[in-house]
Amino acid sequence: MPAKPSWTWRNVLQARGMVTGKITSTIGNGLNTYLWHDYWLPGGVRLCDLFSMRRLAESGLPCNARVSDIIEGNEWHFPTVPSKCTIQSVWEETRIARGHDKGSKLLWHSWHIPRHSFILWLPIKGRLRTQDRLHNQLLPRVPCMLCGVHEEDHNHLFFNCTLSNAVWRMISLKLHVTWPTVPWLHAWEWACDGYASRSQQHSHVLGMALAATVYHLWSERNRRLHHQQHGSVQKLWENICGSVRDRLANLNEVCLLPESIRR
Ligand SMILES: [Zn+2]
């Protein structure tokens, strides 16, 4: 930056903080997205915000590593380097840190899909970058992207919105589970208590369905906000069901789903 920056430059620099986190990368094959420094996680956070650079450097990947470095096919492929801290250990550390929560059986079980559990974990902590958390910043507030009517916050987005409600009704009908119509965190508490009494396998499936639903609702919201692409309730259901079914098929456990949705 020059010693006497122009008015334009000064304003550009001042605006950096206001737009931080609102610009996200489209990952694609991951080659053009920086692993540590880009906003590629749907929750609007960067790995360098979650962990110190010293910890991240111990993973064995360089500071200019790309997301493609930890993807193989459709799976996370964490590097296995002999070091004190690997990317996998970062995930495991987060998982274990949550292990004492009563919701850990739904979030971090052995069948969980990492990106789904991570996105479910963010609203549990109230950390998704919903519109109510962005007020007084550069971009104007827009109503909920799913219904276009109400103000967007965690409670509205995942349970009170008419579109979310329609998705949950379909989940209940097809997966034979029920959801209470209560604020988001009360519903999470209800799920933790109610699912704890189920068998481990069914608890895993219900946790996967819950995480997949929140993940795909959030993804739909982001597609509408950033790409003006609108999916239907039916399409959302197909995405959610497909995610859970594919994961269970890989585990040879698809028989745990009701027969009508096994394929
Ligand atoms: Zn809405």
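**View 1. Helices α8 and α10 make a right-handed crossing.** In a right-handed crossing the near helix is turned clockwise from the far one by less than a right angle, and in a left-handed one anticlockwise. The model is predicted: local features need pLDDT of at least 70, side-chain atom pairs count only at pLDDT 80 or more, and totals for chains, interfaces and linings use all residues. Residues are numbered from 1 along each chain as its sequence is written. Helices (DSSP runs of H or I, at least four residues) and strands (runs of E, at least two) are numbered from the N terminus. Helix α8 covers residues 162–175. Its axis lies 11 Å from that of α10, and the two helices pack at an angle of about 155°. (Axes are lines fitted to C-alpha atoms, for helices over the stretch in contact; angles run from 0 to 180 degrees between N-to-C directions.) That angle makes α8 roughly antiparallel to α10 (over 145 degrees; under 35 is roughly parallel, 65 to 115 roughly perpendicular, the rest oblique). On the α8 side, S164, V167, I171 and L175 make the contact, and on the α10 side A209, T213 and L217 do (contact: C-beta atoms, placed from the backbone, within 7 Å). By class, this contact of α8 with α10 holds 5 nonpolar and 2 polar residues, with no charged ones. (Nonpolar: Ala, Val, Leu, Ile, Met, Phe, Trp, Tyr, Cys and Pro; charged: Asp, Glu, Lys and Arg; polar: the others, Gly among them.)

**View 2. Helix α6 packs against α10 at an angle of about 80°.** Helix α6 is made of residues 114–124, and its axis is 8 Å from that of α10. The two helices are therefore roughly perpendicular to each other. From α6 the contact takes R115, H116, S117, I119, L120 and P123. From α10 it takes L210, A211, A212, V214, Y215 and W218. The residues in the contact of α6 with α10 divide into 9 nonpolar, 2 polar and 1 charged.

**View 3. The axes of α10 and α11 come within 9 Å.** Helix α10 runs over residues 200–227 and helix α11 over residues 233–250. Their axes cross at roughly 140°, so α10 and α11 are oblique to each other. The crossing in which α10 passes α11 is right-handed. M208, A209, A212, T213, H216 and E220 of α10 meet L236, N239, I240, S243, V244 and R247 of α11. Sorted by class, the contact of α10 with α11 has 6 nonpolar, 4 polar and 2 charged residues.

**View 4. Helix α10 is shown along its length, with V205 in it.** The helix has 28 residues, which should span 40 Å at 1.5 Å a residue (the expected span is 1.5 Å times one less than the number of residues).

View 5. Most residues other than glycine have a negative phi. Q228 is not a glycine, yet its phi is positive, at about 55°. This residue sits in the loop between α10 and α11. Q228 is exposed because 8 other C-beta atoms lie within 10 Å. Q228 and M145 are 9.7 Å apart in space, C-alpha to C-alpha, and 83 residues apart in sequence.

**View 6. N252 lies in the segment after α11.** Its phi is near 55°, a positive value in a residue other than glycine. N252 counts as exposed because it has 7 C-beta neighbours inside 10 Å. For setting, the protein has 11 helices and 2 strands. From the N terminus on, the elements run α-α-α-β-β-α-α-α-α-α-α-α-α. Of the 263 residues in the protein, 25% are buried. Among contacts between residues at least 6 apart in sequence, 56% join residues at least 24 apart.

Terms used. Two residues are in contact if their C-beta atoms, placed from the backbone, lie within 7 Å. A residue is buried if 20 or more other C-beta atoms lie within 10 Å of its own, exposed if 12 or fewer, and partly exposed in between; C-beta atoms are placed from the backbone.
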